[in-house]
Amino acid sequence: MSPTLLLRIAALIGLLFAAGHSRGAPWTPVKDGPAGVLLESMKSLQLEVMGARHSYWDFYQGFGLSISACLFVLALLLWQLAALARQDARRLRPLMLTIAAGYLAVGILGWLYIFVLPLVFGVLVAALILAAWWRAGRASSGAAA
């Protein structure tokens with residue numbers, strides 16, 4: 001498989017990762033009982049931070065939406081990187097490693113603090129990027145990938 005195809009597949013899986021994260025909003029699987037009490041506390045506790053007044057719930061929502069935005073941007077970057085890989089994939093290898101490391105970090109942190117699914121997506125996307133990185137290293141410089 002060419003680096004371009006591997007990166008396109010990684011981008012599509014990355015898009016599924018972003019969509020799944022966004023679909024999980026508001027990222028609270030349980031809303032009744034003790035969890036409901038906690039959620040209401042998060043919504044009612046107001047804090048003044050850097051001149052703005054927000055609740056813990058606002059911060060929680062903001063962080064979740066920020067992660068969704070970053071995941072969508074990463075998927076888009078992979079799609080664009082795949083297009084660039086057609087000309088000279090070898091020169092893109094450092095960027096591939098950087099994005100692969102980012103997906104691994106998101107996956108590991110998601111697994112450590114949330115559950116296993118982010119790890120599955122992070123490892124899968126990173127593995128595809130690393131396969132593209134490896135293939136790009138084998139391709140001759142300037143050759144179509």
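Guide: Start with two terms. Contact means heavy atoms within 4.5 Å. Helices (H or I, at least four residues) and strands (E, at least two) are DSSP runs, numbered from the N terminus. This is a predicted model: local features need pLDDT of at least 70, side-chain atom pairs count only at pLDDT 80 or more, and totals for chains, interfaces and linings use all residues. Residues are numbered from 1 along each chain as its sequence is written, and side-chain values use heavy atoms, with hydrogens and water left out.

Visitor: What covers the buried residues of α4?

Guide: The cover includes α1 (3-23), α3 (56-88) and α5 (117-138). Buried means under 20% relative accessible area, exposed over 50%, and partly exposed in between (1.4 Å probe, protein chains only).

Visitor: Which residues of α4 are buried?

Guide: Met96, Ile99, Ala100, Tyr103, Gly107 and Gly110. They cover an arc of only 105° around the axis, so they sit on the same side of α4. The arc is that of the directions from the helix axis to the C-beta atoms. Turned away from that buried side is a face with the exposed residues Pro94, Thr98, Leu112 and Tyr113.

Visitor: How are two packed helices described?

Guide: By the angle between their axes and the distance between the axes. Axes are lines fitted to C-alpha atoms, for helices over the stretch in contact, and angles run from 0 to 180 degrees between N-to-C directions. Angles under 35 degrees count as roughly parallel, over 145 as roughly antiparallel, 65 to 115 as roughly perpendicular and the rest as oblique.

Take α4 and α5: their axes are 8 Å apart, at an angle of about 165°. That makes α4 roughly antiparallel to α5.

Visitor: At what angle do the axes of α3 and α4 cross?

Guide: At roughly 155°, coming within 11 Å. These two helices, α3 and α4, are therefore roughly antiparallel as well. On the α3 side, the residues that meet α4 include Leu71, Leu74 and Leu78; their partners in α4 include Leu95, Ile99 and Val106.

Visitor: What about α1 and α3?

Guide: They pack at an angle of about 165°, with axes 8 Å apart. So α1 and α3 are roughly antiparallel to each other.

Visitor: Is the crossing of α4 and α5 left-handed or right-handed?

Guide: A crossing is left-handed if the near helix is turned anticlockwise from the far one by less than a right angle, and right-handed if clockwise. The α4 and α5 crossing is left-handed. So is the passage of α3 by α4, and that of α1 by α3.

Visitor: Where is Val73?

Guide: Val73 is in helix α3. It is partly exposed, at 47% relative accessibility.

Visitor: Is Ser55 buried or exposed?

Guide: Buried, with a relative accessible area of 3%. Ser55 lies in strand β2 (residues 52-55). Leaving aside neighbours within four places in sequence, Ser55 is in contact with Met42, Lys43, Leu45 and Gln46.

Visitor: Where is Met50?

Guide: In the loop between β1 (46-49) and β2. Met50 is exposed, with a relative accessible area of 86%. Its phi is positive, about 50°, although Met50 is not a glycine.
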